[in-house]
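Keep the viewer open as you read.

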Amino acid sequence: MGKPTGFIDYKRQELELRLPKERMQDWQEIKPSSIGEQDFIRQQAARCMNCGIPFCQSGIILENNLSGCPLHNLMPEFNDLVYQGLDFFAYNRLIATNNFPEFTSHVCPAPCEGACSAGLATSPVCIKNIEQYIIETAFAKGYVEPEIPEKRSDKKIAVIGSGPAGLSCADQLNRAGHNVTIYERADRPGGLLMYGIPNMKLGKDIVTRRIAMLKKAGIKFKLNSEVGYKISSETLSKQFDAIVLCTGSTVPRDLPIPGRNLKGIYFAKDYLESATKTLLGDTLDEHTIISARDKDVVVIGGGDTGTDCVATAIRQGCKSIKQIEIMPCLPHSRQKNNPWPQMPRTFKTDYGQEEAFELYHQDPREYCIMSKEFVGKNGHITKLRCCQVQWKQRSGRQVPVEISDTEQLLPAQLVILAMGFTGCESILFDEFKFAKSPTNTIATDQNNYMTSIPGIFAAGDSRRGQSLVVWAIAEGRAAAKAVNVYLQTK
């Protein structure tokens with residue numbers, strides 16, 4: 001373990017983000033590099049006690065809430081190796097369970113830290129910072145190399161989708177010696193890593209760096225190749241021994257209230273994709289470019305994607321920004337129904353809100369706000385009619401009830417809908433004819449990730465619904481294992 005008295009001697013300290021006043025002027029990452037912070041990181045790693053039962057790596061569901069890392073990362077082991085200055089061995093411990101630590105160390109909400117035993121006595125170990133240090137140091141020192149198999153099999157696998165689930169599945173199958181081709185409908189690989197998460201949160205150079213490594217390892221990428229349009233399921237089935245669908249949960253939740261047909265109302269995924277493509281130098285037509293410049297912007301949805309939209313609108317030069325959420329504000333500390341080692345459901349101020357406060361001197365968020373009508377002029381959104389609600393028990397469940405005399409009109413020339421996703425696109429089920437789950441995802445066997453059609457598998461959000469990047473990577477790895485077993489029978 002680390003230093004025997006580490007969690008007593010050292011307080012938890014995280015690497016400080018770039019100051020809001022500075023970072024909101026550009027699109028560069030909000031995180032500073034951790035490579036030159038060896039002493040700081042080693043001191044923080046010393047706080048890990050390698051406790052008797054490391055809940056940090058459990059990755060289990062306790063009363064419908066995640067506890068620990070779904071990848072079962074070996075945190076106590078790599079923390080100790082970092083503390084001892086053995087960065088190469090720490091890297092090898094980290095990649096034993098995680099294909100892409102550079103992604104998780106940037107965008108994962110760190111359920112491992114929520115389950116850290118040190119958090120019971122003081123504060124949890126800052127595992128996420130340590131993970132970032134390990135992988136960035138590994139890249140800087142040349143430890144990261146393409147995983148080229150010594151021998152290739154004669155089996156060919158098609159992976160549909162190049163998000164975190166698809167990439168991890170392809171990586172594992174390629175390491176096993178199979179011939180893997182990834183089909184991606186977008187013009188760049190990476191899925192949500194490329195277009196669903198803005199550059200200041202996950203630099204696109206980080207994504208392209210890993211894609212280049214996977215290509216060197218022998219994985220083939222076919223872009224602009226959407227199944228059902230550019231290529232049929234029948235063609236894939238003839239060409240490949242197995243197919244793995246990692247297409248994500250991509251149907252955004254809509255808000256069908258009066259005025260929904262007005263211009264200026266967009267889904268978050270389209271808005272963020274437009275912003276990233278513009279940043280990367282793509283030339284977009286007037287129908288695909290979405291800008292917040294000089295506009296009053298309302299983001300509907302209080303999650304991480306909503307925060308990304310707030311931060312993006314600020315960088316585009318919005319006139320004002322408001323983020324509304326129909327749910328109540330989360331508590332500032334753990335409640336009795338959310339005990340350790342569950343992932344804490346507590347209030348946090350993320351980078352987008354920090355920047356909005358710096359710019360407008362107030363938190364952009366308002367809670368228990370229900371949208372009632374989009375109001376427009378000449379076919380374009382100008383205002384959002386909304387009201388405050390109170391959550392009450394009705395017919396055995398909580399429902400929002402309007403509070404009288406609280407209706408207001410928010411100025412809005414741009415509205416972003418960031419309310420999550422509702423499952424897979426219908427074209428998948430029309431094309432493959434496999435079974436659908438009650439939640440509009442691809443139904444699979446729980447044990448082997450296979451759909452109702454033999455030889456066709458599913459993993460990630462397309463199987464489990466909208467979830468975390470770390471879950472997607474875990475699903476991709478597990479599906480690859482199931483495919484490998486299946487191929488041994490062919």
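Predicted model: local features only at pLDDT ≥ 70, side-chain atom pairs only at ≥ 80, totals over all residues.

## Sheets, cores and cysteines

Residues are numbered from 1 along each chain as its sequence is written, and side-chain values use heavy atoms, with hydrogens and water left out.

Strand 3 (residues 156-160) and strand 4 (residues 179-183) run parallel and are joined by five bridges. Strands here are DSSP runs of E with at least two residues, helices are runs of H or I with at least four, and both are numbered from the N terminus. Two strands pair if DSSP finds at least two bridges between them.

These strands belong to an open sheet of five, ordered 5-4-3-6-16, with parallel pairing. Strand 5 (220-222) and strand 16 (456-458) each have a single partner strand, so one side of each is left without a neighbour in the sheet. From one strand to the next, the twist averages 20 degrees. Helix 10 (residues 164-175) packs on this sheet, touching strand 3, strand 4, strand 5 and strand 6 (242-245), and its direction makes about 165 degrees with that of strand 4. Contact means heavy atoms within 4.5 Å; axes are lines fitted to C-alpha atoms, for helices over the stretch in contact, with angles from 0 to 180 degrees between N-to-C directions.

Another open sheet has five strands in the order 7-15-8-9-10, again paired in parallel. Its edge strands, strand 7 and strand 10 (365-367), each pair on one side only. Within it, strand 8 (residues 296-300) and strand 9 (residues 320-325) share five bridges, and Val 297 stands opposite Ile 321 in strand 9. Helix 15 packs on the sheet, touching strand 8, strand 9 and strand 15, with its direction at about 175 degrees to that of strand 9.

Which elements cover the buried residues of helix 14? They include helix 11 (192-195), helix 12 (204-216), strand 7 (265-267), helix 15 (304-315) and strand 15 (414-417). Among the buried residues of helix 14 are Tyr 271 and Leu 272, where buried means under 20% relative accessible area, exposed over 50%, and partly exposed in between (1.4 Å probe, protein chains only). Just after this helix, Gly 281 takes a positive phi of about 95 degrees.

Now for the cores. A nonpolar core is a set of buried Ala, Val, Leu, Ile, Met, Phe, Trp, Tyr and Cys residues joined through side-chain atoms within 4.5 Å. The largest has 73 residues, of which Ile 134, Val 159, Leu 167, Val 244 and Phe 457 touch the most other members. Helix 19 (residues 469-487) gives the largest share, eleven residues. A second, separate core of 18 residues includes Met 24, Tyr 271, Ile 290 and Ile 416.

Finally, the structure holds zero disulfides, a disulfide being a pair of cysteine sulfur atoms within 2.5 Å. Two cysteines are set out below.

| Cysteine | Closest cysteine sulfur | Sulfur distance | Relative accessibility |
|---|---|---|---|
| Cys 112 | Cys 69 | 6.1 Å | 8% |
| Cys 387 | Cys 386 | 7.1 Å | 0% |

For Cys 112, the 6.1 Å to the sulfur of Cys 69 is too far for a bond.
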